[in-house]
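Please look over the sequence and the structure shown here.

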Amino acid sequence: MSRHSLGEGGLIPLAEHVAETLDIGPGTQVFEVDCGRGEFLLPFHANGFIVGGIDADPDKVKDAMTAMPEGLFQMGTGTALDPAVPWHVVVCRSFAATPDLDYMRGLLARMFAKATHAIAVLDVPDERRQWMLHALAEIGANAIQMEAAASRVSNTPDRFNVFARV
């Protein structure tokens with residue numbers, strides 16, 4: 001991925017890392033759960049990926065649609081994630097904000113069912129590492145890769161990213 005006209009914000013290196021880790025390139029479909037205004041998807045969009053996402057805030061969805069008119073964005077929560085509409089890669093960066101483990105387990109299952117290549121769950125609190133391994137095993141994920149991720153607050157490796165192939 002090139003860095004043309006996107007600046008050096010923290011999400012660009014993360015998007016590049018996701019693309020490299022999952023071995024994906026232009027033309028790949030990347031869907032984000034709780035996408036907000038689509039900031040994380042912008043580098044993908046700018047580099048020829050097909051992007052889309054879901055978010056519960058209608059104003060944020062509208063902003064994402066304005067920034068990426070070719071993107072496929074919808075309003076809703078993770079529970080509205082439709083596995084019948086497949087995407088190559090499904091990403092979630094909001095697991096840290098969700099304390100309900102049953103909701104998270106269901107969301108992981110829907111993400112895995114929607115993805116045709118891989119899922120990426122980013123910025124997960126380290127105390128959920130064993131839970132995540134168990135939940136991924138329950139849904140049949142394989143080729144699971146976990147890595148330390150810098151915390152947004154203290155820049156320490158108390159969080160992790162997980163990538164799983166479908």
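What follows covers the sheet, a helix lying across it, and a pair of packed helices in a predicted model.

Seven strands make up an open sheet, and their order is 3-2-1-4-5-7-6 with mixed pairing. Strand 3 (72–75) and strand 6 (142–149) are at the edges; each has a single partner strand, so one side of each lacks a neighbour in the sheet. On average, and with direction ignored, neighbouring strands of this sheet are turned by 15° against each other.

Helix 1 (residues 11–22) lies across strand 4 (87–92), strand 5 (115–125), strand 6 and strand 7 (159–165). With strand 7, helix 1 makes an angle of about 35°.

## Two packed helices

Helix 4 (residues 101–114) packs against helix 5 (residues 129–139) at an angle of about 45°, and their axes are 10 Å apart. Helix 4 is therefore oblique to helix 5. The crossing of helix 4 past helix 5 is right-handed.

Which residues meet where helix 4 and helix 5 pack? Helix 4 contributes Leu101, Met104, Arg105, Leu108, Ala109 and Phe112. From helix 5 come Trp131, Met132, His134, Ala135, Leu136, Glu138 and Ile139. The residues of this contact divide into 10 nonpolar, one polar and two charged.

Technical notes
Residues are numbered from 1 along each chain as its sequence is written. This is a predicted model: local features need pLDDT of at least 70, side-chain atom pairs count only at pLDDT 80 or more; totals for chains, interfaces and linings use all residues. Side-chain values use heavy atoms; hydrogens and water are left out. Two strands pair if DSSP finds at least two bridges between them. Helices (H or I, at least four residues) and strands (E, at least two) are DSSP runs, numbered from the N terminus. Axes are lines fitted to C-alpha atoms, for helices over the stretch in contact, and angles run from 0 to 180 degrees between N-to-C directions. Contact means heavy atoms within 4.5 Å. Angles under 35 degrees count as roughly parallel, over 145 as roughly antiparallel, 65 to 115 as roughly perpendicular and the rest as oblique. A crossing is left-handed if the near helix is turned anticlockwise from the far one by less than a right angle, and right-handed if clockwise. Ala, Val, Leu, Ile, Met, Phe, Trp, Tyr, Cys and Pro count as nonpolar, Asp, Glu, Lys and Arg as charged, and the others, Gly among them, as polar.
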